[in-house]
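Dear colleague,

Please find below the structure that I am handing over to you. My notes on what was found in it follow directly after.

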Amino acid sequence: MSAERGAICRSPSALERWRRLGACLLEPFPVVVGGSLQPLERGEGYFEVMLGAIAGARHSVEVEMYLWEEDDIGRRFAAALAEAARRGVRVRVLADAFGAREALAGALRSTSASGADVRAFNSFRVPTGHRFYHRTHK
């Protein structure tokens, strides 16, 4: 470790940032009263439950997808999110730039035009050797 980097890591501000991070890891989110959790497994009704939740949303919908196909299901999700945005629900979509490239160029454009905040992450660049294989679902 360089002397300069060592000094930065030992500074009180860096130590304080680590302490705050540690506190967030122990209790990352406050308890919210009135929420519910429904574990889902792939199978019949899997997507219908999710689409029903989007249809019933009153305040916000947050969606993050690595793979988003430009197929019937992908278009149904895009349409449901667009409808939610049109009725005043805050809709935020985060999709992988490579795994959802066709949907981002297709159905998700109309979702964005409806007022949803649609963004791509992990933008695809020309692969340089083995780096292409380092794509993850993070």
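A residue is called buried when its relative accessible area is under 20%, exposed when that area is over 50%, and partly exposed in between, with a 1.4 Å probe and protein chains only. By this rule, 26% of the 138 residues of the protein count as buried.

Please note that this is a predicted model, in which local features need pLDDT of at least 70 and side-chain atom pairs count only at pLDDT 80 or more, while totals for chains, interfaces and linings use all residues. Residues are numbered from 1 along each chain as its sequence is written, and side-chain values use heavy atoms, with hydrogens and water left out.

Overall fold

The protein has six helices and three strands; these are DSSP runs numbered from the N terminus, helices being H or I with at least four residues and strands E with at least two. Read from the N terminus, the order of the elements is α-α-α-β-α-β-α-α-β. Contact here means heavy atoms within 4.5 Å. Among the contacts with a separation of 6 or more, 70% are between residues 24 or more positions apart.

The sheet

The three strands make an open sheet in the order β1-β2-β3, with parallel pairing; two strands pair if DSSP finds at least two bridges between them. β1 and β3 (117-121) stand at the edges with a single partner strand each, so one side of each has no neighbour in the sheet. On average, neighbouring strands of this sheet are turned by 10° against each other, direction ignored. Such angles are taken between axes, which are lines fitted to C-alpha atoms (for helices over the stretch in contact), and run from 0 to 180 degrees between N-to-C directions. Five bridges join β2 and β3 in the parallel sense, and Leu94 stands opposite Arg119 in β3.

Helix α4

Helix α4 lies across β1 and β2 and runs at about 150° to β2. It has 15 residues and reaches 21 Å from its first C-alpha to its last, close to the 21 Å expected at 1.5 Å a residue; the expected span is 1.5 Å times one less than the number of residues. Its buried residues include Gly74, Phe77 and Leu81. The cover over the buried residues of α4 includes α3, β1 (60-65), β2 (90-96) and α6 (107-113). After α4 comes Gly88, with a positive phi near 100°.

Ile73 also belongs to helix α4, but is partly exposed, with a relative accessible area of 23%. Its C-alpha atom is separated by 8.0 Å from that of Phe47, 26 residues apart along the chain.

Aromatic residues

How many aromatic pairs does a search of the whole structure find? The search finds three. Rings of Phe, Tyr and Trp (its six-membered ring) pair if their centres lie within 6.5 Å, and planes under 30 degrees apart count as stacked, over 60 as edge-to-face and the rest as tilted. Tyr46 and Phe47 form an edge-to-face pair, 5.0 Å centre to centre with 70° between the planes. Phe47 and Phe77 are also edge-to-face, because their ring centres are 5.9 Å apart and their planes are at 85°. This second pair links distant parts of the chain, with Phe47 in helix α3 (residues 46-56) and Phe77 in helix α4 (residues 72-86), 30 residues apart. Phe47 is partly exposed, at a relative accessible area of 27%, whereas Phe77 is buried, at 4%. Tyr46, Phe47, Trp68 and Phe77 form one aromatic cluster.

With kind regards
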